[in-house]
Amino acid sequence: MKSIETIEQFEQVLKQPGIHVFLFTANWCSDCVYIKPFMPSLEQKYEEAMDFYSVDRDQLLDLAIEQGIMGIPSFIAYKDGKRIASFISSLRKREQEIDAFLQDTRNKGEKEC
């Protein structure tokens with residue numbers, strides 16, 4: 001997963017074609033730590049369909065607020081600069097829930113073609 005360090009980097013990714021999934025997280029977040037072990041396998045499962053980016057919510061708080069991130073970990077997905085999906089909540093996310101979100105995101109992205 002690539003890291004987004006600035007709002008400019010985030011905006012540059014949005015200009016690129018394809019599906020981009022952004023994970024908003026923070027080092028202190030226990031629910032974020034909980035998903036770390038299984039996220040690489042989910043990234044690998046969907047690597048042909050989308051790119052993955054990590055955004056430190058505390059480092060880019062203005063971006064998180066702009067994107068409606070109220071709790072972490074949370075996910076948003078864009079395709080060709082247009083927001084197509086989100087999985088935003090303060091609740092712990094299980095692997096099956098994230099997998100279902102990514103599957104749905106891939107399906108939405110394919111329908112957009």
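This report describes salt bridges, a pocket and a strand hairpin in a predicted model.

## Salt bridges across the chain

The structure contains five salt bridges. Side chains of opposite charge can pair when their charged atoms come close.

Arginine 92, at a relative accessible area of 42%, is partly exposed.

Another salt bridge brings together the side chains of lysine 45 and aspartate 99, at 3.0 Å from N to O. Lysine 45 is in helix 3 (residues 39–46) and aspartate 99 is in helix 5, so this pair ties together parts that are 54 residues apart in sequence. The relative accessibility of lysine 45 is 47%, which makes lysine 45 partly exposed.

Aspartate 58 is partly exposed, with a relative accessible area of 38%. Arginine 57 counts as partly exposed too, at 21% relative accessibility. The value for arginine 57 does not fall under 20%, so this residue is not classed as buried.

## The largest pocket

Rolling a probe the size of a water molecule over the atoms shows where empty space is left. The largest pocket in the model has a volume of about 310 Å³. Its lining is made up of 18 residues, and those closest to the centre are Met1, Leu23, Thr25, Lys36 and Ser54.

Two or more lining residues come from each of these elements: strand 1 (2–4), strand 2 (19–25), helix 2, helix 3 and strand 3 (50–56). Sorted by class, the lining has nine nonpolar, five polar and four charged residues.

Strand 4 (residues 74–79) and strand 5 run antiparallel and are joined by five bridges. Within this pairing, lysine 79 stands opposite lysine 82 in strand 5.

The hairpin that strand 4 and strand 5 form has two residues between the strands. In this hairpin, aspartate 80 takes a positive phi near 50°.

Conventions: Residues numbered from 1 in each chain as written. Predicted model: local features only at pLDDT ≥ 70, side-chain atom pairs only at ≥ 80, totals over all residues. Heavy atoms only, no water. Salt bridge = Lys/Arg side-chain N within 4 Å of Asp/Glu carboxyl O. Buried < 20%, exposed > 50% of the residue type's maximum accessible area, 1.4 Å probe, protein only. Helix = DSSP H or I, 4+ residues; strand = E, 2+ residues; numbered from the N terminus. 1 Å grid on protein atoms, 1.4 Å probe; cavity = no way out; pocket = protein on both sides within 12 Å on 5 of 7 lines; lining within 4 Å. Points joined across faces, edges and corners; volume = space filled by probe spheres on them. Nonpolar A, V, L, I, M, F, W, Y, C, P; charged D, E, K, R; others polar. Pairing = 2+ DSSP bridges.
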